[in-house]
Amino acid sequence: MDKFLITGGTPLHGTVAISGAKNSALPAMAASLLTADQITLHNVPMVRDIVTMGKLLAYMGASVSTRDFPASEYAFQAHTISDAVAPYELVKTMRASILTLGPTLARTGIARVSLPGGCAIGARPIDLHLTALEKMGAEIVTSHGYIEARTPTSGRLHGARIAFEKITVTGTENILMAAALADGETILENAAREPEVTDLVELLRKMGAKVTGDETSTLCIQGVEALHGAEHTVIPDRIEAGTFLIAGAITNGDVTVTHCEPRHLTALLNKLREAGVSVEPVGDGPGPRALRVRGVRKLLAADMTTEEYPGFATDMQAQYMALATQAEGSSSITETIFENRYLHASEMIRMGAHISIDGRTAVVRGPAELSGTTVQASDLRASAGLVLAALVASGETTIERVYHIDRGYERIVEKLSGLGANMSRVHAPAI
Ligand code: UD1
């Protein structure tokens, strides 16, 4: 298993380009199952979850092609869906495989998806996806670890009024895709408003879907009989952008993050400014935009609570915790989305951080002098938090199990090294 070696203490300087959003590209790829025509996607990040989703689509009978290497442009075409199954081997490495359920069911009338099970950051059930599909007429049975869903014997799924008990991002995306091909109107209340959901709505519209209400918590979908091919550019990854902004701030550096969408980063930018960090937009006009972050000698503690968009993203919590270890005073961090998302805290404590956890709240006292040691990455975003802590720690940190970070960060070693970080990847042979 690969490891990262990081020697901390170097302020980062320079410019880094942000890749396309993994969490936007994944539902967009799943949406290709809704039509026999070709879906072309640009700005797809070169990360492992994309490879996994590509394998899943190919397993189901879709063709997956690309013209360039390293690839950021892909064409997907599901002429037919030969095997409406998402097998355990692929689902276990990536929960987002559940995104194939809605489109496959709506297109073919049947779908079998392995139950995703638990994951490091909490139970993460999919009950809300299933209840909503049942409201649309799906008959769902769970046996032998698989969910098997069928459309009613009368034919297609039908439109329904669905109010999610809790906001769910992939749940909203799954139902959006199913409803696009359902018979009649679906009203989805308490829907997720994440930019990735809005990006999916834009793609679906290009495919001929009739959707209104994007960027609000009520989506209205008028089902159509068939969707057609489309071409779409995936939005920039706001979590990658946020991670690099914190990398600039925590090392007291001067980093310009390009190809990002500052509008999607408002909660983080407000929090960084509260912590005394200077973050300013660079240039003006439409198109890809840039943010410049400059560190300060004294970071200030600031409390933070994770929330659904437009609140502070849970996917930035670990990275923010790393920053809080360097801020003067006590920062209280409350995680409201996932029940077990502090696995990185114990590793940061081993590096010298002062963190105490009580239920969903972590109190971080800083500034702490971090020192390098060997730490384990436990999930995708926790790994990013550990990388940030290592960038400011004295001496060398070894981060093990970095396959987690490879799931969602494109060429992170090259990008951070390009900013002056002393970081390398060690390809460790499997024992
Ligand atoms: C998505 C993101 C992930 C992010 C998360 C929250 C993708 C591929 N992943 O994950 O990076 O951390 O949103 O912003 O886009 N829940 C239920 N029942 C359900 C579904 C969800 O109880 O049927 C709960 C979850 O356990 C969690 C909360 O709802 O506590 C939010 O989860 P959800 O928004 O569904 O997360 P994901 O879509 O899996």
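Is Asp315 buried or exposed? With a relative accessibility of 16%, Asp315 counts as buried, where buried means under 20% relative accessible area, exposed means over 50%, and partly exposed covers what is in between (1.4 Å probe, protein chains only). The structure is a predicted model, in which local features need pLDDT of at least 70 and side-chain atom pairs count only at pLDDT 80 or more, while totals for chains, interfaces and linings use all residues. Residues are numbered from 1 along each chain as its sequence is written, and side-chain values use heavy atoms, with hydrogens and water left out.

Asp315 is also a way into the site of the ligand. A residue is near a molecule or strand if one of its heavy atoms lies within 4 Å of it, and 19 residues surround the ligand, the closest being Leu128, Thr168, Thr170, Asp315 and Ile337. By class, this shell holds 8 nonpolar, 5 polar and 6 charged residues, where Ala, Val, Leu, Ile, Met, Phe, Trp, Tyr, Cys and Pro count as nonpolar, Asp, Glu, Lys and Arg as charged, and the others, Gly among them, as polar.

A polar side-chain atom of Thr168 lies 2.6 Å from a ligand oxygen, an N or O atom in the side chain of Thr170 is 2.6 Å from an oxygen atom of the ligand, and a backbone N or O atom of Pro125 lies 3.3 Å from one. Of the 750 Å² of accessible area that the ligand has on its own, the protein covers 89%, the areas coming from the Shrake-Rupley method with a 1.4 Å probe. The elements that give two or more residues to the shell are helix H5 (127-135) and helix H6 (169-180), and H5 gives the most, with 3 residues. Such helices (H or I, at least four residues) and strands (E, at least two) are DSSP runs, numbered from the N terminus.

Asp315 forms a salt bridge with Arg341, the closest N and O atoms being 2.9 Å apart. Since Asp315 lies in the loop between E19 and H10 and Arg341 in the loop between strand E20 (327-334) and helix H11 (343-350), the pair ties together parts that are 26 residues apart in sequence. Arg341 is buried as well, with a relative accessible area of 7%.

A search of the whole structure finds 19 salt bridges. One of them joins the side chains of Asp2 and Arg425, at 3.0 Å from N to O, and this pair links distant parts of the chain, with Asp2 in the segment before strand E1 (3-7) and Arg425 in strand E25 (residues 422-426), 423 residues apart. Asp2 is partly exposed at 21% relative accessible area, and Arg425 is partly exposed at 28%. Asp2, Asp406 and Arg425 are linked in a network of salt bridges.

Among the buried residues of H10 are Gln317, Tyr320 and Leu323.

Most residues other than glycine have a negative phi, and most peptide bonds are trans. A cis peptide bond, with omega about 10°, joins Tyr309 and Pro310, and Pro310 is found in the loop between strand E19 (304-305) and H10. The bond from Gly366 to Pro367 is also cis, with omega near 0°, and Pro367 is found in the loop between strand E22 (361-366) and strand E23 (374-376). Strand E21 (residues 354-358) and E22 run antiparallel and are joined by 5 bridges, strands being paired if DSSP finds at least two bridges between them. Arg401, which is not a glycine, has a positive phi of about 60°, and Arg401 is partly exposed, with a relative accessible area of 33%.

How values were computed. A polar contact is a pair of N or O atoms within 3.5 Å; within protein, one must be able to donate a hydrogen and the other to accept it, and residues adjacent in sequence count only if both atoms are side-chain atoms. A salt bridge is a side-chain nitrogen of Lys or Arg within 4 Å of a carboxyl oxygen of Asp or Glu.
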